[in-house]
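Here's a quick tour of a protein model for someone just starting out. Have a look at it first, then read on.

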2 protein chains.
Amino acid sequence: VRYIVGIDIGGTNLVVGTVAEDGSELVGEVSEPTHSEEGADAVMGRIGRLVKSSIAGARGKEIAGVGIGSPGPLDTARGVVLFTPNLGWTNFPLRDRVSKMTGLPAELDNDANCAIYGEWWRGAARGARAVVGLTIGTGIGGGIVLDGKIYHGVSDVAGEIGHTTIDPTGRRCKCGNYGCLEAYASGPAIAARAAEGIESGVETSLGKYVGGDLGKLTAQVVYQAAHDGDLYAREVVNDTAKLLGAGVANIINIFNPDVVVICGGVTLAGALLFDPLRREVHRRAFKDAVKACRIVPGELPGTAGVFGAAAAFIHKHRGGSA
Amino acid sequence: VRYIVGIDIGGTNLVVGTVAEDGSELVGEVSEPTHSEEGADAVMGRIGRLVKSSIAGARGKEIAGVGIGSPGPLDTARGVVLFTPNLGWTNFPLRDRVSKMTGLPAELDNDANCAIYGEWWRGAARGARAVVGLTIGTGIGGGIVLDGKIYHGVSDVAGEIGHTTIDPTGRRCKCGNYGCLEAYASGPAIAARAAEGIESGVETSLGKYVGGDLGKLTAQVVYQAAHDGDLYAREVVNDTAKLLGAGVANIINIFNPDVVVICGGVTLAGALLFDPLRREVHRRAFKDAVKACRIVPGELPGTAGVFGAAAAFIHKHRGGSA
């Protein structure tokens, strides 16, 4: 069995691991902060060291190539990052830079696509025919896997489910649109909605979790307070679940998938999120489509993107099972 | 060249035509009111006569089979109509009934899928790699054609784009959900929104078009008045365009298609609808995805479903170009 290095480039962290071509194991998992403010060359140097260290962890296995998951938009055919606000890269030939640096063939795909592809290959959506996934963090990414292949659309920008309008006159989104799912259910949007309530005087213990500094309020804090029984935090999680439920119901009526997988920090909210989310989906989507679909949290927090980047490499080289 | 009979079963009309396997011509186009209230046997008898008459119009061409487009939900593999509110059929083995009646092999697919497949094969989306279409009439149907194949989802109910939520607390839809695209932009929804304005006292000539009987107000009347310069009718068309624009922007951000095709009576509104619709899409969707996509009216009013039903037969038998 040959091995493939998977690289997951995030705005905050770089994660690299080496994955068996048959998906049976991930070895040499290493991670470092991205520090994109130091510029592309510094980030590339860091990636190079992480790849070396990961391959060393694979103890002499044959390495077939490198799969890279990066924020986009990308041109996957040319292996170029067209533009990433978070990393500050423009028309950056990431695939060829990585290939030259490592001496290995490389392939590039979108980070959210890779995360969902990883969940399809080795995680919560294993074996599913039609998978639509959301990665919820600073933003909301999306990925679509149909018949074992990532669906890219005609110019590599498909799957932007976080930027579908669920309220036409709603909150302004960073993308310029109004009422996007991301403007309500991303980590920062959840924290902002919670802070708005506190500022308007609702009764809650949330302030205590951040020493009274609402600037420190995060979605994670909201989930923690909800688990601890804070009623207002539970209301915020419940509202988030309903809004996500509307988005997931749309996905289900459009794609009739067998699995919708939800990845990212939001899954820490557990049943407090998934129970009302599933109820909202039942209320909104077609019964036949709901019946056919499992709505599940991701099973590979931290490594879905690494598995998926490796799987994307394997798929493009048609050498393995992904 | 062999020919295929295409049957388009609508709640109001049955349309049948005979289509050359290479798509080069449609002959023997015949149509009759469905009269579903007379029961399934009466409708089947009518379909049988229309098929005979269409084949006669094909003057001795070899007939390879029959493609059927029907309202759903369906089980396409078994060729069964599971349930259609408009026709009153339940678990109706439509494919085998048509096959037995005509002595020809038959295939069944969803009516909206067939309409969009017809537009992909011979109409406005010819040659496109990723097509998403809406059929706007009494309801809003949807169809998805990827790499020349109808996308069905895992249980044959994909493509229900008319039943995606665009406003979570919005108008009640017939499907039970709130704020569906169909609840705003179907023909009856357009007429209802226009009537609400008239009842609340806006200045408009719309009442004159229906002799003061608002029960007779239809979307077609609204388009006519808009073309004639009625400002309120133009406002209704403009609002419809914006709501459709939000729905189309969602489709574009999700699928990154090269063509979005809009079929049905709503296209009669012409530039009054398509200009503000395209503007709204530009405002809402990602630039890269908008740039890659044409938004066009269907080119085969009345026959897209017949072409598409024939194409669905051809695709399933892999005997032709569709």
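Predicted model: local features only at pLDDT ≥ 70, side-chain atom pairs only at ≥ 80, totals over all residues.

Residues are numbered from 1 along each chain as its sequence is written, chains are lettered from A and ligands numbered from 1 in the order in which they are written, and side-chain values use heavy atoms, with hydrogens and water left out.

- Let's begin with strand β2 (residues 13-20) of chain A: seven of its eight residues are buried, so the strand is largely enclosed by the rest of the structure. Here "buried" means under 20% relative accessible area, with exposed over 50% and partly exposed in between (1.4 Å probe, protein chains only).
- Strands and helices are DSSP runs numbered from the N terminus (E, at least two residues, for strands; H or I, at least four residues, for helices), and two strands pair if DSSP finds at least two bridges between them.
- Strand β1 (residues 3-9) of chain A runs antiparallel to β2(A), with seven bridges joining them. A hairpin of three residues links β1(A) to β2(A).
- β2(A) also pairs with strand β3 (residues 26-33) of chain A, in the antiparallel sense and over six bridges. This hairpin has five residues between the strands, and A:Gly23 in the turn has a positive phi of about 75 degrees.
- Which residue of β2(A) is the bridge partner of A:Val5? That's A:Thr18, and A:Thr18 also stands opposite A:Val27 in β3(A).

**The five-stranded sheet**

- In chain A, five strands make an open sheet in the order β11-β10-β9-β12-β13, with mixed pairing. β11 (149-150) and β13 (294-297) of chain A are at the edges with a single partner strand each, so one side of each has no neighbour in the sheet.
- Helix α9 (residues 271-284) of chain A packs on this sheet, touching β12 (259-264) and β13 of chain A, and its direction makes about 155 degrees with that of β13(A). Contact means heavy atoms within 4.5 Å, while axes are lines fitted to C-alpha atoms (for helices over the stretch in contact), with angles running from 0 to 180 degrees between N-to-C directions.
- Strands β9 (residues 130-136) and β10 (residues 140-146) of chain A run antiparallel, joined by seven bridges.
- Over in chain B, β9(B) pairs with strand β12 (residues 259-264) in the parallel sense, over six bridges.

**A closer look at B:Val131**

- B:Val131 sits in strand β9 (residues 130-136) of chain B, and its bridge partner in β12(B) is B:Val259.
- Is B:Val131 buried or exposed? B:Val131 is buried, at a relative accessible area of 0%.
- Leaving aside residues up to four places away in sequence, B:Val131 touches several others, including B:Ile116, B:Trp120 and B:Val261.

**Aromatic rings**

- There are nine aromatic pairs over all chains. Rings of Phe, Tyr and Trp (its six-membered ring) pair if their centres lie within 6.5 Å; planes under 30 degrees apart count as stacked, over 60 as edge-to-face and the rest as tilted.
- B:Trp89 and B:Phe92 make a tilted pair, 4.6 Å centre to centre with 40 degrees between the planes. Both B:Trp89 and B:Phe92 are buried.
- B:Tyr117 and B:Trp120 have ring centres 5.3 Å apart and planes at 10 degrees, so they're stacked. They lie three residues apart in helix α3 (residues 111-122) of chain B, about one turn of the helix.
- B:Tyr117 is buried at 1% relative accessible area, and B:Trp120 counts as buried at 12%.
- One aromatic cluster brings together A:Tyr151, A:Phe255, B:Tyr151 and B:Phe255.

**How the two chains meet**

- Chain A superposes on chain B by a rotation of 180 degrees with 0.0 Å of shift along the axis (RMSD 0.0 Å), which is the relation of a two-fold axis. Copies are superposed by least squares on the C-alpha atoms of residues with pLDDT of at least 70 in both.
- The same surface serves both copies, as 100% of the contact residues of chain A recur in chain B.
- The contact takes 39 residues from chain A and 39 residues from chain B.
- Together the chains bury about 3400 Å², 56% of it on carbon and sulfur atoms. Buried area is the accessible area (1.4 Å probe) that two parts lose on being put together, summed over both.
- A:Val154, A:Ile254 and A:Arg284 supply 21% of the area that chain A buries against chain B, more than any other three residues.
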